[in-house]
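Biologist: I would like to learn how to read the surface and the inside of a protein model. Could you walk me through one?

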Amino acid sequence: MKNQDKYEKMYQELLKQQQEIHNRNQVHIQNGIKYIIFIPLVFLALAFFTESGKVIFLTLWIASMFLLSAYLIYIEYLDFQIQERIAKISENSDMETETLIGGKLDDFEENILDILKEWEESLPPRKKIEDMIKMRHLSENDKQKKGEQP
């Protein structure tokens, strides 16, 4: 009985550690999705807004997409392997593996939409941007009028 309690305690600790790793991996995946949206956009913006080095920024954009995708696949693979080992140790082949970003496509879409909403909320309000553009156009028009008048 004493050995069985000892093994049960070890098994429970193993399950606890596996759940902690799984929770951390979920955070890594969410951050990775944020990065896969943000970092390539930065490189793409740099490619369009700079005069030189467009090929370099486009190459960095493509490389960042591949690297971030590989990172996400690696995290998912590690999490899957840990869950498979736990199932093997517990001799429970019917144990269902838990996905990192939700079991259904709808959950995934909701996660992406939440991330995009958070990102959009962090941006300045659209009205302010439009006002800044109007002010810039007005100042350019004023400069042109002053330049035309003798």
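**Reading a patch and a core**

Modeller: Gladly! Let us start on the surface of this predicted model. Phe 38, Leu 41, Val 42, Leu 46, Leu 113, Leu 116 and Trp 119 make up a nonpolar surface patch, and together they have about 570 Å² of accessible area.

Biologist: Which helices each supply at least two residues of the nonpolar patch?

Modeller: Those are α1, spanning 2-49, and α3, spanning 105-122. The largest share is that of α1, with 4 residues.

Biologist: Take Leu 116. Is it buried, exposed or partly exposed?

Modeller: Find Leu 116 in helix α3 first. Buried means under 20% relative accessible area and exposed means over 50%, with partly exposed in between. Leu 116 has a relative accessible area of 34%, so it counts as partly exposed.

Biologist: And inside, which residues form the largest nonpolar core?

Modeller: A nonpolar core is a set of buried residues joined through side-chain atoms within 4.5 Å. Here the largest one has 6 residues: Ile 29, Ile 33, Leu 72, Ile 75, Ile 112 and Ile 115. At least two residues of this core come from each of α1, α2 (54-89) and α3.

Biologist: How many helices and strands does the protein chain have?

Modeller: Count 4 helices and 0 strands; from the N terminus, the order is α-α-α-α.

Biologist: What part of the chain is buried?

Modeller: Of its 150 residues, 14% are buried. The accessible surface of the chain is about 12500 Å², and carbon and sulfur atoms account for 60% of that.

Conventions
Residues are numbered from 1 along each chain as its sequence is written. This is a predicted model: local features need pLDDT of at least 70, side-chain atom pairs count only at pLDDT 80 or more; totals for chains, interfaces and linings use all residues. Side-chain values use heavy atoms; hydrogens and water are left out. Patches are made of residues with over 30% relative accessible area and no salt bridge: like charges are joined within 9 Å, nonpolar side chains (Val, Leu, Ile, Met, Phe, Trp, Tyr) within 5 Å. Accessible areas come from the Shrake-Rupley method with a 1.4 Å probe; for residues, only the protein chains shown count as cover. A salt bridge is a side-chain nitrogen of Lys or Arg within 4 Å of a carboxyl oxygen of Asp or Glu. Buried means under 20% relative accessible area, exposed over 50%, partly exposed in between (1.4 Å probe, protein chains only).
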